[in-house]
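Look over the sequence and the structure first. A short briefing comes after them.

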Amino acid sequence: MKKIIEIEHLTKEYKEKKAIDDLSFNVYEGEILGLLGPNGSGKSTTINCILSLLNFQKGSIQIFGQEMTPSSYEIKKEIGVVFQEVAVFEELTVYENIDYFCGLYIKNKEQRKQLIEDAIQLVGLEQYKKFYPKQLSGGLLRRLNIACGIAHKPKLIFFDEPTVAVDPQSRNNILSGIETLRKNGATIIYTTHYMEEVEIICDRVMILDHGKIIASGTISELKKLTQIEEKVTVEILGLLEKEINKMKELQNVIDVNYQNGLLIITYKKGENNLPKLMEYFKKNKINYQKIYSERPTLNDVFLELTGKELRD
Amino acid sequence: MINMFFHNLKYTFKIIFKSKSLIFWTFAFPIILGTMFSFAFSDIEKKEQFEIIDIAVVNNPLKENEIWNTFLKELSKENENQILNIQYTDLKQATEWLEQEKISGILNLDSEEVLIVKKNGINETILKFAMEEMKQTETLLKTIIESPEEKQMLFQQNRNKLFENIEKIRQETTNSIKDISTNNMSYTMIEYYTLIAMTCLYGGLLGMIALQKDLANMGSVGKRSSISPTTKKTMILSSMVASYIIQIIGISLLFFYTIFILQVDYGNHFFLVILLTIIGCLTGLALGIFLASALKASENTKTGILLAVTMFGCFLSGMMGITMKYVVDKNIPFLNQINPANLITDGFYALYYYDTTERFYKNVVSLILITILLIGTSIIFLRRQTYDNL
């Protein structure tokens with residue numbers, strides 16, 4: 001597979017703190033790479049270094065086989081970025097905002113006109129072309145932010161948490177738009193706090209913490225990293241301590257956690273655990289309301305690898 | 001890159017023209033302030049019609065300095081052009097009168113400080129002008145008299161001709177002093193000069209805001225522009241050209257308004273007035289670029305700093321009263337020599353008060369040097385392509 005980005009031993013330090021610590025990875029053509037990590041893990045710093053916005057102490061960055069520098073204008077032509085913060089002009093309409101940013105890449109007015117229309121269609125802002133950013137909801141504003149970043153049809157796109165604080169409709173629109181961009185041949189680097197998004201759209205995931213890669217691979221590869229194979233959640237009231245301790249001795253159980261009427265039992269092997277547990281409740285006359293079983297999620301992997309929730 | 005230049009130029013125009021706060025500070029505020037000056041000072045001027053100024057002269061210059069004496073005689077002659085009412089006395093008595101405010105000033109040719117005033121008011125200001133004129137004339141006449149040919153012609157053989165010269169200078173001096181209290185040349189003109197200076201410097205806001213959108217360390221829009229293939233040089237240049245054009249439009253509106261609506265007369269050197277304004281606008285733009293590139297602060301903070309610096313500069317150059325200009329000129333002259341607002345104000349002032357343009361061009365050169373310094377320093381900051389943090 002063709003390498004679009006090659007990063008070797010990238011190190012970025014702020015005084016004595018390493019924001020990125022000897023980072024090496026590749027991004028391949030046509031893939032969506034998910035960058036996961038808690039706040040301050042180095043995701044945005046990595047992107048800013050790749051884009052030559054931030055300087056760094058060590059390492060090399062190659063994009064499309066060429067070294068990336070601030071004056072790599074030919075490379076920049078093929079890059080699109082959707083920043084975490086909405087980067088648009090309050091004084092310009094939706095159409096004008098997209099035209100302004102697209103115009104920094106595309107000289108030809110006719111070509112630009114078509115590209116703007118395509119971008120507006122992709123993010124579903126057809127009815128809002130003449131609206132000013134102040135007149136848009138948070139979700140629509142995020143969509144405009146995306147349109148401004150991708151209107152010139154770049155081959156490599158960075159999405160830095162594009163769905164923060166958006167409504168479900170806009171989120172679905174954004175995610176389907178990203179899928180469309182990939183289908184059209186773009187390579188995408190996607191950072192987010194939302195595990196479910198990563199599971200939906202990313203081909204490969206890299207988990208960063210303290211500026212280092214702590215795990216990387218496809219979603220199924222990552223899930224194998226955790227001991228947990230099954231997680232059973234039970235809504236149950238008034239469970240006693242001795243009953244909880246007894247459950248810890250059940251077959252395949254790794255851990256039992258009971259808080260606020262919710263019992264969570266994690267198993268290391270995932271076969272027939274649920275029927276056996278229901279049988280156990282029946283036998284011990286323990287009444288429960290709801291019971292359901294889940295396979296481990298990326299969040300479980302993340303929690304196990306970093307010791308903290310992704311949204312911490 | 002030409003396409004990108006004009007693309008950014010077009011949108012910088014749009015962004016600035018649609019920014020209400022920018023338009024207020026650079027277009028509306030000077031016009032509002034000008035209108036307020038017009039209302040406030042026209043009334044004051046009516047009340048402050050020129051009066052004969054009482055002064056005391058110690059060590060009667062008649063004995064020692066014929067030139068000064070001739071001047072004083074002419075200025076105190078009892079006719080419609082009389083400016084001074086002179087009482088000759090000793091320093092002690094004169095000081096007593098000054099303390100009692102019976103006189104506005106003491107003229108003492110034996111002292112290094114020829115003119116002593118107690119306070120700063122219109123009379124004192126006029127006295128200062130008059131003394132400056134006399135000093136200049138004294139130097140001129142001394143030069144003429146020291147030349148043998150001139151001495152022969154003007155002083156010894158043709159005394160009348162010398163007096164004609166003195167009369168001519170006296171007329172000019174008297175006229176320019178008298179003009180201070182007329183509508184043609186009022187001391188409130190200083191207010192209008194500082195108003196123009198303020199507008200020129202407020203133009204820096206346009207440059208500052210326009211530049212912010214091109215710099216990655218100034219916000220997300222700047223980041224987005226920085227990762228585009230359009231060069232930083234093209235972006236900054238076109239943003240500055242757009243800002244400058246808008247600044248010129250704004251100052252033209254102010255001139256139009258003050259000349260045609262408020263009936264302000266900017267004098268006979270209108271082209272030089274325009275030249276100074278154009279340079280002043282460039283200095284304002286340079287100040288905006290400097291603040292935008294050198295300071296790592298929020299847009300609001302930078303705007304506040306620019307407004308404060310400009311207003312303070314205008315205050316020192318006499319916007320809230322001409323007295324301040326003279327206080328600074330007298331006590332901290334260096335401050336006014338590096339204060340762009342004062343250089344612009346003083347440039348206009350020099351055009352109005354002096355027949356020669358020497359002082360005017362001195363101000364112009366100082367402004368150009370400050371502009372070069374600001375832009376040069378800004379370039380050092382703007383050359384940065386990557387940042388330590390964002």
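The points below cover the sheet, the helix across it, the domains and the chain contact.

This is a predicted model, in which local features need pLDDT of at least 70, side-chain atom pairs count only at pLDDT 80 or more, and totals for chains, interfaces and linings use all residues. Residues are numbered from 1 along each chain as its sequence is written, while chains are lettered from A and ligands numbered from 1 in the order in which they are written.

**Sheet**
- In chain A, 4 strands make an open antiparallel sheet, ordered 2-1-4-5.
- Strand 2 (17-28) and strand 5 (66-67) of chain A are at the edges; each has a single partner strand, so one side of each lacks a neighbour in the sheet.
- Strands are DSSP runs of E, at least two residues; helices are runs of H or I, at least four; both are numbered from the N terminus.
- Two strands pair if DSSP finds at least two bridges between them.
- Strand 1 (residues 3-14) and strand 4 (residues 58-63) of chain A are antiparallel partners over 5 bridges.
- I7(A) has I61(A), in strand 4 of chain A, as its bridge partner.

**Domains**
- Chain A splits into domain 1 (3-223) and domain 2 (230-295), with bounds from an automatic or database domain assignment.
- The C-alpha centres of domain 1 and domain 2 of chain A are 42 Å apart.

**Contact with chain B**
- 27 residues of chain A contact 26 residues of chain B (C-beta atoms, placed from the backbone, within 7 Å).
- Helix 2 (73-76), strand 6 (79-82) and helix 3 (94-103) of chain A each supply at least two residues of the chain A side.
- Helix 3 of chain A gives the largest share, 4 residues.

**Helix across the sheet**
- Helix 1 (residues 43-50) of chain A lies across strand 1, strand 2 and strand 4 of chain A.
- Helix 1 runs at about 65 degrees to strand 2 of chain A (axes are lines fitted to C-alpha atoms, for helices over the stretch in contact; angles run from 0 to 180 degrees between N-to-C directions).

Terms used. Contact = placed C-beta atoms within 7 Å.
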